[in-house]
Amino acid sequence: MGVFLPELSSYLPEQDEFTNLQARIINRTVWAYDEPNANSKRLKLYWHDLVVPITNTTISEDEAAYNRVWYQLEEGGYAYSGGIQPVRTILNPSQPIPTRGALGEVTVPYTDAYLEPNENAEYMYRLYYETVHWVMSAVDSTDGSVWYRLLDDKYEKHYYVPAKHIRLVTAEELAPLSPHIPLEDKSIEVRLDEQLLLAYENGRAVFATRVSTGGRRLSGTYTTPVGNFVTYHKRPTRHMANGDIASNGFDFPGVPWVLYITENGISFHGTYWHNDYGIPHSHGCINMTPQAAKWLYRWTMPTVPPEKLLVYGYVGTKVEIKV
């Protein structure tokens, strides 16, 4: 297997992948500029959670920038990719849910979850593209539409979203990668100075992706620990929440493809609240795109059966984090 380098600066699709490709504004505001350069003329201001079509990508001329990817928007102008989540709008047929539940992935820019299967019920959360959730059952709403009942794995509550916004994850797409490679011959290296993750088989790099590790935030400076670890605790989804959101706490339901390496919660996981990999951003975890996190989740040990909420033990793939 050759070295695979996904998402090295940001999500950068091939030219034939722009059909239905959209930009969800992640930051509070994002400007579109006349050129892929923040010093050029400002054309239009976009607000958080607005969704606009992406028509192309381009690379800025700033060779010193850690992320040079900009998106060309259908409405005109260029927007920096770091504050945009590339999304699609894909609607799904409803399916029967096994008694044990099933994993589901959001396939629209966002969907709002309610306490009952009704948009007039109490609002609970906004769930974003490529987040992953446990679907426990399918129910009919009073208007005849089908909704899925989701389990909040942190607070042990349930809420509902339209079934058409969720794609059930198949067992095949969770099958282990390179299962023939012995545990001792797989390893992960995280280079904090380069904000880069590499996966090795028998000492040969087979995967690499840019990441975002612990950084300076409004509430303080957070660090990713240096040393040797193992991916001993894995779960396909986790509601991560901590502190007061108003003072830089966080509340992120459906964080996908989580690999814990410390008891205090440091993990590898997919991220949907920024797209600015290559520079520290996190509270200490190793952020990466959901696609990259899913690859790592499938490739590492222990393997999590599709019907299991988690696997926890002291056997896992070796991890070295270094400066």
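Me: Which residue in the hairpin of E5 and E6 takes a positive phi?
Reply: The hairpin of E5 and E6 has four residues between its strands. Strands are DSSP runs of E of at least two residues and helices are runs of H or I of at least four, both numbered from the N terminus. The positive phi, near 110 degrees, belongs to Gly76.

Me: What kind of model is this?
Reply: Residues are numbered from 1 along each chain as its sequence is written, and side-chain values use heavy atoms, with hydrogens and water left out. Local features need pLDDT of at least 70, side-chain atom pairs count only at pLDDT 80 or more, and totals for chains, interfaces and linings use all residues, since the model is predicted.

Me: How many bridges join E5 to E6, and which residue stands opposite Trp70?
Reply: Strands count as paired if DSSP finds at least two bridges between them. E5 (residues 69-73) is joined to E6 (residues 78-80) in the antiparallel sense, by three bridges. In E6, the residue opposite Trp70 is Tyr80.

Me: Is E5 mostly covered or open, and which residue of E5 stands opposite Thr57?
Reply: E5 is mostly covered, with four of its five residues buried; buried means under 20% relative accessible area, with a 1.4 Å probe and protein chains only. E4 also pairs with E5, over five antiparallel bridges. Opposite Thr57 stands Tyr71.

Me: Is Asp49 buried or exposed, and what is its relative accessible area?
Reply: Asp49 lies in the loop between strand E3 (42-47) and strand E4 (51-59). Leaving aside neighbours within four places in sequence, Asp49 is in contact (heavy atoms within 4.5 Å) with Arg24, Ile25, Tyr110, Arg126 and Tyr128. Asp49 and Ile26 are 23 residues apart in sequence, with C-alpha atoms 6.2 Å apart. Asp49 is buried, and its relative accessible area is 8%.

Me: What is the order of the five strands in the open sheet that holds E22?
Reply: The pairing in this sheet is mixed. Its edge strands are E24 (286-288) and E25 (311-312), each pairing on one side only. The order is E24-E23-E22-E21-E25.

Me: How many residues of E22 are buried?
Reply: E22 runs antiparallel to E21 (residues 233-242), joined by eight bridges, and Arg238 stands opposite Val255. With E23 (residues 267-270), E22 pairs antiparallel over two bridges, where Leu259 has Phe268 as its partner. E22 (residues 250-260) is mostly covered, and the buried count is 10 of its 11 residues.

Me: Which residue in the turn between E22 and E23 has a positive phi?
Reply: E22 and E23 form a hairpin, and six residues lie between them. The phi in question is about 100 degrees and belongs to Gly265.

Me: Which residue stands opposite Lys234 in E25?
Reply: E21 pairs with E25 in the antiparallel sense, over two bridges. Opposite Lys234 stands Val311.

Me: What is the volume of the largest cavity?
Reply: On a 1 Å grid over the protein atoms alone, a cavity is a set of points where a 1.4 Å probe fits but cannot get out, and lining residues have an atom within 4 Å of a point. Points are joined across faces, edges and corners, and the volume is the space filled by probe spheres set on them. Two cavities of 30 Å³ or more are counted. The largest has a volume of about 50 Å³.

Me: Which strand gives the largest share of the lining of the largest cavity?
Reply: The lining includes Val132, His133, Trp134, Asp152, Thr237 and Pro253. E11 (132-140), E12 (146-152), E21 and E22 each supply at least two lining residues. The largest share, three residues, comes from E11.

Me: What is the volume of the second largest cavity?
Reply: Among its lining residues are Lys234, Tyr297 and Arg298. The second largest cavity has a volume of about 40 Å³.

Me: What share of the residues in the protein chain is buried?
Reply: The C-alpha atoms fill a box of roughly 55 × 55 × 40 Å along the principal axes. The chain has 323 residues, and the buried share is 52%.

Notes
Buried < 20%, exposed > 50% of the residue type's maximum accessible area, 1.4 Å probe, protein only. 1 Å grid on protein atoms, 1.4 Å probe; cavity = no way out; pocket = protein on both sides within 12 Å on 5 of 7 lines; lining within 4 Å.
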